[in-house]
Each structure stands twice: as C-alpha cells, then as structure tokens.
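This briefing is for a reader who is new to the structure shown below.

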Amino acid sequence: MSTGLRRKLLVINRVAIVASMFQLIPQREKMKDCMNLLEESCSVEKLESILSAHPGQPLLPPLGSAVWHNSRYDDFFEPLIALAKQEVGQALPELTDELYSEFHRSGNRSRFETAYFERRRRIARAAIAYLRLDEDSAARGRIGRSLVEKLEALGRDESWAVPAHVESLSGKDPLQIDLFGGETAALVAELLVLFDPLIPHSLNEALRQRIETQFFDNYLERHQDFWWTQTSNNWNSVCHQGVLGAALLLLDDAAKLAEILNVSCRYLKTFIAGFTDDGGCTEGPIYWGYGFGWFSKLNAQLEARSEGHLSLFEGSSKIRKIARFGSLMTLPGNCLVNFADCPSNGILRPSVLCYLGERLQEPVCMDHGKRNYKKLLQSEIELDRERSDFFCFSGLLLHDPGTVGSDQTSGVLEDVYLKDLNVTIAHSHGAGGDQWHFAAKAGHNDEAHNHNDCGSYILNVGETPMIQEIGSPEYVKDYFDLEKRYAFLAARTKGHSLAVINGQEQAGGGEFKSEVLDQSAGGDELRLTMDLTQAYPVQARCRRYRRTFCFNKAAPFLEVTEDFELESVDSLESAVITSCAVQIADGRVLLSHQDISVTLVPLEGTCIGGFEQLTYAKHSGVEASVYRIRFCPVHLDAKSRIAYRIIPTAFKPIGSAIQSDA
C-alpha cells in the first residue's frame, strides 16, 4: 500500500474518533448549566470545585489526529513544509543586547521585532510541518528535532517581552507581561502539551517552571501593577489569554487555576465594557480581530477545560453583537472600514469568524469565515507576515468549516448604523456599474489608537478606495507620545478628509468631540448631519461647524456640505484624502485608479484650492503618499459654506496626475 493511500485511509478512520473526543465547542445540550463568569458572581472556592469535578476535554487534538492531516491544505502548506525542511539545523535569528536596547536608543522597534517574530515563525513552520508529515517520514524526525532545538533557543531568551513595552533601558524585563510575552507563554504551553512525546523532560520542566514563575505567580502577585489589567483595549484580552490560557493548559492545581481565573474575570469585564453597547470597537476591525479573537480563543479553552460549565460567552447579548462587528465592517475586495489605527485592507482570520459563527450560531460570521477560508486557500501562503505563527496556522486547521463559500457577497450589503460607536455605513443599490460603499464616523478624540478625525469619511467604488483613511503608520516610539503623536500625518486632522479652520486642526483629548444631530435613511437616500464644533480648539475661533452627508444610493452620488460660523476668519479649507491619481480640469477634480474613477464637483460658493502630495511611513516602514485635495469658499466670510458632490465619471482619465501645486 502506498504512503499516500495509507495516509488517506488514516484520515478517514480517524475523523469519527476525533469528532467525538475533541471539541473546543461543547455540544449545545451540555451548555444548559453553563455559568458566564463575566455576568454571574462565583467564589474562588466554587470555581475550584467545578474545575476539580470536571477534568476537561482536550484543548488540542493529539499528534496524528485527522484534524492536523486535513488534505484540503496539502497545496497550501507545501511551501511552508519545504522551508521548514531547509531550516533544519539552522539557528534562530539572534536577539543581541544591541537589538534589545535599540528601541530606547533610537525609537526604532522594527529591527528587533523583525528578528523576534521570525523566531516564532520558524517555530511555527517546524511545528506545522511535523503535524502534517507522514509518521514514517524521515524528514518528520529531523523536523521534530529541529523543533526541540528551537524551543530550547526560545527558552534561553532573557526576556519574552518586546523592548518597546519595557521600561528598562536594556530592553529586557523577564517579569514584564506584555502582548507578545503573553502570546509566547500561550504558544509554549500549547507546544508543550501537543509535542510532549518529543520534548525532553528537562526542557519540559524548565519551560513549565519559567511560565509558572514569570506568568502565573507574577500575575497573582502583581496583577494590580500591570496597566493593561485596568484598560479596555486589546492588551487586556491578549495578555489575559497568555496568562489564563497557559494556565488552563498547564496547571493541574485546581486551586491555583481557580485563583487566576477569578482575578482574570474581574479584569476581563473591563475589556468587554470597552465595546459600545451596539458591539462597536473604536480600534477598528483588525484590532477587533486581535483583541476579541484572543478573547474568543480563551473562551473556547475555558469551556473545554470546564466541560461546558464555565464560559465567557454564554447567554450574553453583547458578546453576540461584538461577534458581528468584524463582518459588518468588511467591504468587498478585502477592504475594511478603517478609522483610527486600522489598515484599509485585510482578511480577518477565518478561524475566528468560523468559531464565532458556530459557537454563537451567527450566520453572518460563519458565511464571512467560509469566504475568507476560500480566499486564503486560493492564494499563496504568506510565510513572512508577522502573524504567520503557530496560532494562525493551527487555528485554520482546528476551525476548518469543511465547506467554503463564494468569494463574493451575494445580494445587497446591509447598511449599518452603530449609534453608540458613532459609525454609519451605507451601500448603493442602483442597477449597473460598481457598487458604492460609504462610511463616516463621529465620536471623540480620545479613543483607543486615536486619530483626530471626528467627522471623517471613506468612499469605495467596487473594491477600490477612492476617498480613504491612511490607517496605521509605522509604529515608532514618538507615535505613542501624546505630545508628538499628532505630528504624524496618519493621526492628525490634515491626514483626513476634514476642515482646517483658521490654520487649526482638531485637538486630541476626550473633550474634543462631535455629535450626530441627525441620521435618517429612507428609500434611496441616507442623510447624516454632525456637529463638529467642539472637535476644534478655541484658537480655531469656531462658533459652529456642521457637516452633512447626503448619499443617494440609487444614482449613486455623495454630497458633502459644510457650514461654518466663525468669530473671525483668516483662512478656511476642507479636504479630501486619496491615493488615486488626481486631475483638475474644467473646475472639477477627477480621481482615478485603473478603470475606476469618480468626479468631484464643487457646488455653488465653493472652489477648488488645489492639491498637495503628502508623504508618510506605512505600518511596514515603507514610504507612501496620499493627495490632499483642498476645497475653499469662493468668498471668505465668517459665515461660509463649502460643498461638493461626488458623481460617477462621465469621461475617461487622460493620463497621470498633474503636478501638485504645493
């Protein structure tokens, strides 16, 4: 019998066994007596009793399980396995003292983190390759030894936290629990459990002791000292998944596990409270996928470890709303509604979406997850992305839905108004042509990963962003200094489609805010009016600034009207941000990208003030640029109006963008 045939028979024979013995999602009938620890009080003693009485289901399927050998992924993982074979015997990239200290010397974090994440990617490649290769493969044995060597090297790291998250000038602090230190603890815990037969006893004990000391004991003794326990952003959930997730995997001591669980749930309530009541996340869909994704993994682990008696999800209407957020904020062509530090393009993790879809019986999440599975399996595996780690690849296998859907969203997309988040999303539905997608935000200027962007908006035509948000720039030290953050184009008002009033941009802080005065949708038209007056500092001398969007979904067209009442006026302009080619002709602005174009038409009393090209560093550190198109009142008065309409282009582009006048 050939190796390939033997492998196929092995998979078929094991499917039924694995389906019965391994479930991260307990059967619905087992959840009847489930307690949601974020909504019900439970003493440490009761937690210990529950954990002691229920030894739990396996949190990971064993080596050789059919889950790891899913043949649908043979082509997808082939380049990963080939690279893992090449890396046998190769040392991991070294984390030198110079690299550790570089962030505090220069503010640059990319050189250290490039090596740091590459080490984890190589561990992931070795682990996935071992899981995928046939048991009698000679290469599997070599890769197994390589995996052990890489774990030994990881264990020798002086600090698992990244220097940007450490106060010490050396960049090292073994007792600092940060995002990536927490991820590392959870990673090592999973590898210790899954690859226990391969790992020497001495290494196993050393790594377990390190996690117990630096994460379990450290957390119990100092949890109030870690700033992230008090915050509502993604740090809270990711770091807690690192600590509690590792504890659920490694701790046999039910009393200690109950204590960690009790303290963690106290703080995880703050994480969930950070989402608006309508499920919104001010950090945007990518950070939603990160923070809520790790929270979801933690829930799956807790429900499995307690055999469905303890949960972070069960019966929560807010959790259900949060679960839908990522899908609602996703547009065709992998485009995202990307206010604040969120990229404009990305594929949300299909494993997270499918877990949410199945666990919560949410078709929106499941359908989205299946589409994203298909997109990934039809594309080449990305081996060099920061998140091409073991959690990413193992999650694909663990939550594979079995069947995948169409690449395209069927029918008319759902319009969304998240009143508590202050975000509106609407889609055109006219016959013929590309569908238009409009989104705008209000809010305040002290949001997580904040930009000074009250009133900003985006417009996509088909799969092309025409008027856009820059999203997250390169993360350097100064960007997280509030006195310097708003000098960065991505975060300052000038980098958004907003007004500059008497030379003043919006200011940072919760007191600088906007208000939705009216949001009405009926028939073919959406109208949205905001008051942006309080978003600007007193130096703007602004008595009133109202912005109204009128989106005709049938034509389609978008009209933007801005009314100003100023104490006095020296200068006034509004702007549109785009990376499309820009042409100005006949008193109009043409934006074009490949075969997609729109025309911006100034309305009565408004003129085009020219445009300028502005550069910035993308999140990857690569230099990029956008165009900032200016609109001004024809007559500069204390009471002024700026208005323009965006319509489908009736004429073809005539070449590249004209030169900037700035």
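This is a predicted model: local features need pLDDT of at least 70, side-chain atom pairs count only at pLDDT 80 or more; totals for chains, interfaces and linings use all residues.

**Whole chain**
- The chain has 15 helices and 23 strands; these are DSSP runs numbered from the N terminus, with helices being H or I of at least four residues and strands E of at least two.
- A compact globule of 662 residues would have a radius of gyration near 26 Å, and the chain agrees at 26 Å; the radius is taken over C-alpha atoms, and the globule rule is 2.2 Å times the number of residues to the power 0.38.
- Along the principal axes, the C-alpha atoms fill a box of roughly 80 × 55 × 50 Å.
- Of the 662 residues, 58% are buried (under 20% relative accessible area, with exposed over 50% and partly exposed in between, using a 1.4 Å probe and protein chains only).
- Among contacts (heavy atoms within 4.5 Å) with a separation of 6 or more, 71% join residues 24 or more positions apart.

**Helix 14 and histidine 240**
- The buried residues of helix 14 include Cys365, His368, Arg371 and Tyr373.
- Those buried residues pack against helix 3 (74-86), helix 12 (317-328), strand 3 (330-331), helix 13 (350-359) and helix 15 (390-398).
- Histidine 240 is in helix 9 (residues 234-250) and counts as buried at 0% relative accessibility.
- Leaving aside neighbours within four places in sequence, the contacts of histidine 240 include Tyr219, Trp228, Ser264 and Leu298.

**Nonpolar cores**
- The largest nonpolar core has 136 residues, of which Phe77, Trp288, Phe292, Phe295 and Leu356 touch the most other members; such a core is a set of buried Ala, Val, Leu, Ile, Met, Phe, Trp, Tyr and Cys residues joined through side-chain atoms within 4.5 Å.
- Helix 5 (residues 110-132) gives the largest share of this core, 12 residues.
- Apart from this core lies another, of 46 residues, among them Val516, Phe549, Val560 and Val598.

**Aromatic rings**
- There are 35 aromatic pairs, counted for rings of Phe, Tyr and Trp (its six-membered ring) with centres within 6.5 Å; planes under 30 degrees apart are stacked, over 60 edge-to-face and the rest tilted.
- Phenylalanine 292 and phenylalanine 313 form a stacked pair, 6.0 Å centre to centre with 5° between the planes.
- Phenylalanine 292 is in helix 11 (residues 284-305) and phenylalanine 313 in the loop between strand 2 (310-311) and helix 12, so the pair ties together parts 21 residues apart in sequence.
- Phenylalanine 438 and phenylalanine 551 have ring centres 5.6 Å apart and planes at 40°, so this pair is tilted.
- Phenylalanine 438 lies in strand 7 (residues 436-441) and phenylalanine 551 in strand 15 (residues 542-552), 113 residues apart.
- Ring pairs also link Phe271, Phe275, Trp288, Phe292, Phe295, Phe313 and Tyr355 into a cluster.

How values were computed
Residues are numbered from 1 along each chain as its sequence is written. Side-chain values use heavy atoms; hydrogens and water are left out.
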